[in-house]
Amino acid sequence: MAKLYVKSGAIREAEPFDPARSDQGVTVTTDDEGKLICATMQTMNGPSMVHLGDWIVTVRSGAYPCPEGSFTAMFEPIDAVLTQEVAA
């Protein structure tokens, strides 16, 4: 389930990529044993690879994958931001 995150003052919905889910807009290719081979999603800039550990970030124009390291560096859970504002 997607949760809300903040990046540069903008609120975004995001959730970790889960290859078992079909509702994230990701096309998953597996081998005969069900092992993930490749995952792609259509973004506003064209097809994009999705990797295990990526986050799916939703914006007005669609969605895009974001590597976990970049996601944790740029996004903050909205509940943490609200807690900081209430404490201030």
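Biologist: How many aromatic pairs does a search of the whole structure find?
Modeller: Residues are numbered from 1 along each chain as its sequence is written, and side-chain values use heavy atoms, leaving out hydrogens and water. Rings of Phe, Tyr and Trp (its six-membered ring) pair if their centres lie within 6.5 Å; planes under 30 degrees apart count as stacked, over 60 as edge-to-face and the rest as tilted. The number of aromatic pairs found in the whole structure is four.

Biologist: Which geometry does the aromatic pair of Tyr 5 and Trp 55 have?
Modeller: The two ring centres are 5.5 Å apart, and the planes stand at 75 degrees, making the pair edge-to-face. Tyr 5 lies in strand E1 (residues 3-7) and Trp 55 in strand E6, so the pair ties together parts 50 residues apart in sequence; helices (H or I, at least four residues) and strands (E, at least two) are DSSP runs, numbered from the N terminus. Both residues are buried, where buried means under 20% relative accessible area, exposed over 50% and partly exposed in between (1.4 Å probe, protein chains only). The geometry of this pair is therefore edge-to-face.

Biologist: Is the pair of Trp 55 and Phe 71 stacked or edge-to-face?
Modeller: The ring centres of Trp 55 and Phe 71 are 4.2 Å apart and the planes are at 5 degrees. Phe 71 belongs to helix H1 (residues 68-74) and Trp 55 to strand E6, so this pair joins parts 16 residues apart in sequence. Phe 71 is buried at 2% relative accessibility, and Trp 55 is buried at 14%. Because of the angle between its planes, the pair is stacked.

Biologist: Which residues are linked in a network of salt bridges?
Modeller: A salt bridge is a side-chain nitrogen of Lys or Arg within 4 Å of a carboxyl oxygen of Asp or Glu, and the whole structure holds two. Arg 21 forms one with Glu 15, the closest N and O atoms being 2.8 Å apart, and another with Asp 23, where the closest N and O atoms are also 2.8 Å apart. Glu 15 is buried at 12%, Arg 21 is partly exposed at 25%, and Asp 23 is exposed at 54%. The linked residues are Glu 15, Arg 21 and Asp 23.

Biologist: How many residues lie between E6 and E7 in their hairpin?
Modeller: Strand E6 (residues 55-59) and strand E7 (residues 62-66) pair in the antiparallel sense over five bridges. Val 59 stands opposite Gly 62 in E7. The number of residues between the two strands of the hairpin is two.

Biologist: Which element has the lowest mean pLDDT?
Modeller: The protein averages a pLDDT of 89, and 90% of the residues score at least 70. Strand E5 (residues 46-49) has the highest mean among the elements, 96. Where pLDDT is low, the predicted coordinates should not be read in detail. The lowest mean, 61, belongs to helix H2 (residues 78-87).

Conventions: Predicted model: local features only at pLDDT ≥ 70, side-chain atom pairs only at ≥ 80, totals over all residues. pLDDT = per-residue confidence, 0-100. Pairing = 2+ DSSP bridges.
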